[in-house]
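Reader: Got a model up on my screen. Can we go through it together?
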Amino acid sequence: MNTANDSIQVIDEDKVFNKKLSSYLSQYYAKNNGGVTSSEDGLNYHIVSVFGSQSTGKSTLLNHLFGTEFDVMNEAQRQQTTKGIWLAHADTIATTGNVNHAEGNNTGSIFVMDVEGTDGRERGEDQDFERKSALFALATSEVLLINIWEHQVGLYQGANMGLLKTVFEVNLSLFAKNKQKCLLLFVIRDHIGITPLENLSKTLMDDLKKIWSQLNKSRETENSELTDYFDLKFWALPHKLLQQDNFLRGVAELGDRFSTPQDLFLSEYHRHIPIDGWSVYAEQVWEQIELNKDLDLPTQQILVARFRCDEISANSYEIFIEKFDAVFEKDNNLELNELGNILRELRSNILKEYDSNASRYTRSVYLEKRKILSNKVDLKLREVYSSSLTKLSKSAIEKFNEEIVKNKKSKNIGNFDEVLTTSYNEALNFFLTNSKLISIIDEDLDEENFYSSTKELNQLKENLSELMKQQKVKELENMTNKIVKKFSSNFKETVVNILSNPTNDSWDQILSDFKKLSSSLLSKYKKEEDVYDFQLGFSADENKLTYDNILKKFWLKFDEIIHDYLTEDTVLNILKNKFETYFKYDENGLPKLWKTTSEIDSNFVEARSKTLDILPILSIAKLSSNVEILPDIDIAHDEEDFSSDEEEDFEASNGNNTERSSPTHKHHRFSHILSFKQQQSILQLFKKQIDLTYLDAKRSIIQSVTS
Ligand code: GDP
Ligand code: MG
C-alpha cells in the first residue's frame, strides 16, 4: 500500500491517533495565512469529510476536487486502499476559471478528511469503525460529502442507507442539546443524465426523511426534523471513465462552489476551535469515542480551551521569566521610575502575548487561565516591587532623621513637636511619591492587589511613630536634665550661703528661694495656673506627669544638697566659726579685749549658748513657724534605704515639740538632717574645741597681768 505524499493519517487502522497532526495543521494553516497560526483568530479554515461505500471513487473525487493525493485503488488489484482516516490540505481547488480566486481564497485553508469506507458486508469490526468514524467526522467537519452511485438512489435497502442511518443516529446523540448544524452534500456518481438531478434529489430526500422518521428518538428529539440538524445539498457527476471531460467539468463546477464564500461553507457549521487547538480537540473527541463515552462537545471545547490556554500560558510565562532574569540577574541599581517602567512593561507585554493566542478560546477558560498566569507573574514581580518598597521604607526613615536635624534649625518651626510632625510628614510623602513610581496599575488589578503598598506604608507609619516616641523621650530627658542641672547649681549656692550663717528663718528663706527658682525655671512652659505644656505634643495628663517628675527631681536635689552639705564636719565647722565670732568679736565685728577673767567667763557662756541655738536649725529643716519642710510631691520611693533605727533615734532627740504637717514617716528623712547621736557627737567635739579656746583666752589674760 502506498501512502500519499502530502497527506497525513489522523487515525490509523489500529485506531491510534496521530500526534504529528498538530504541526501538520499549523504548517498548512500558516501557509495560507501570511505565516501565522493566530491569523484571523486561527479560525480561517474549513474541515470537509467524505463518506461512502468502498470503491465508489471517493478518493478520486477528492484528489480532483482539492488537489490532494489520497491513494486511489489500482484497477488491476481492486482492494481497499484507504485505511483509517486521512487528512490533507487542499492545495489547489478545481475551478472552471469563472471564479475570482482572490475572492476564493477568503474561504481559507480547507482540510479534507478521507474516511475509510465500508464494503457493505455486515462485518462487526467494520460496523464499529464505521460508527466511530461517522461520530468523528460529525464532531469535527463542516461539510460531509456523501458519495453514492446513481443506480443506488431509491434503493432504500442499499448499503448507503445503512450508513446514513448511522450518521443520523450518531448525530442525534451528539447534537441533541446544542443543534450544531452541518452540510450533507450528496454527490451522485456515474450520473447518466436521463433522470434530472432534481428528481434524484427528491427521491433521496424522501428516503432520508423515511430513515429519519424510523429512528429511535429520545423524548427530547421526538419532534425534531432532519433539517433541524442538517442542510442538504445535491450534486451529480458523470462517469469518470466514460465521460471524462464532463466529469472534470462537474468537478470544476463543484470546486467553484467550494471557493465561493457563504455558499457551501456557512459560518454556523464551523466548530470555532482555533487551528492550533484543533488536533487536541480532535484527539480528545477520538479518545471519548474510543472509550465509548458520550460525546459532549461543549465540554470537549472547554477541555481544548483548558489544554491550549495552559500551553499558551506556560509558553508566555517562559518568555516572561527569560526577560525577567535578563533584567534582574545583575543587581543593577535602577532608578525607581525606570524600574517602574520595566515592571509595568514586563507585565503588560506578557499578558498581551497570552491574550493574542489564548483569547480565541472559550472566554471563561481563557480568563480563568489568564488570572492564574497573571498571579504567577505578579508573584515574581512582587518580589522586586516589595524589596524596592523595603528599601524605600529604609530611605524614608533616614529622611525622617535628616529632617529632624534640619527642621530643628529652621526658624519657621516652633517647638520640637512640630519638628517631629513636619519630619514625619516629609518622610511619609517621600515614601508615597516614590512608591507611586513603581506602582503597577492595570485594569485586571483591583485596588488591594499584589502591588498595593498599604502594608509597607502602615509598617512605615508604625516605625516612624515609634521613632517619634523615642525622639520625644530623648528630648524630654535632655530638657529635664538641663533644667535640673541649672536648678542644682543655683540652689546649692543659695543653700550654702544661707546655712553657713544660719538664723531662725533660714529654712523659710531656703524654701522660698526653692519655690522661686523652681517656678522661674518652669515659667517657659507655664500656660496658666497649674497648666504646663512642654511643647512635645503631650496630652494634658502627660504634661502634668512631666511637670511632677521635674518637680520631684527638684525636691530630690533639694534633699541631696542639704544632706550632702550638712555633714557632721560641716556643722561642727559652722558652729566653731559662729562661736569664734560670738566669743571674740563684738557687734561691730571688732576683736574683743578682755580685762578680767570674769568678763571672759560671761562672754564664753553667752557665745556658747548662742551658738548652741544654731544646732537645731542645722539638724532639722523646719520653718520659723515650727513646721517641718515637706516635699509637696511624693519622693519616698527613692529613700527606701533609710533605716528606721535612725528615724527612731531622731524621734528621741527632737521629740514631740515639732509639729508635722503630715503624719506619714515617708518624708522624715528630708527634714531630719542630723540624728540625736550625730548631734551628740558634734556637741562633744564642739565642747572640746571651745574649752580649748576658753583656756587659751584665760591663759592670755593671765600672761598679760603677770607680765
Ligand atoms: P474509494 O475507495 O471510494 O476511495 O474509490 P477510489 O477513488 O479508490 O476508486 C475506486 C475505483 O473506482 C478506481 O479504480 C477508480 O478508477 C474508479 N473510479 C473513480 N471514479 C470513478 C467514477 O466516477 N465512476 C466509476 N465508475 N469508477 C470510478
Ligand atoms: Mg479511498
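Reader: Which polar side-chain atom lies 2.7 Å from a nitrogen atom of ligand 1?
Author: One belonging to Asp 190. This is a predicted model, where local features need pLDDT of at least 70, side-chain atom pairs count only at pLDDT 80 or more, and totals for chains, interfaces and linings use all residues. Residues are numbered from 1 along each chain as its sequence is written, chains are lettered from A and ligands numbered from 1 in the order in which they are written, and side-chain values use heavy atoms, leaving out hydrogens and water.
Reader: How much of ligand 1 does the protein bury?
Author: The protein buries 92% of the 580 Å² that ligand 1 exposes when taken alone. Areas are Shrake-Rupley values with a 1.4 Å probe.
Reader: And what sits 3.0 Å from an oxygen atom of ligand 1?
Author: A backbone N or O atom of Thr 56. Gly 57 also has a polar backbone atom 3.0 Å from an oxygen atom of ligand 1.
Reader: How many residues surround ligand 1?
Author: 16, with Ser 55, Thr 60, Met 73, Glu 75 and Asp 190 the closest. To count, a residue needs a heavy atom within 4 Å.
Reader: Which helix gives the largest share of that shell?
Author: Helix α2, residues 58-66, with three residues.
Reader: New topic. Where is Asn 44 found?
Author: In the loop between α1 (21-32) and β2 (45-52). Helices are DSSP runs of H or I, at least four residues; strands are E runs of at least two.
Reader: Is Asn 44 buried or exposed?
Author: Buried, because its relative accessible area is 17%. The cut-offs are under 20% for buried and over 50% for exposed, with partly exposed in between (1.4 Å probe, protein chains only).

Note on methods: Polar contact = N/O pair within 3.5 Å; in protein donor to acceptor, adjacent residues only side chain to side chain.
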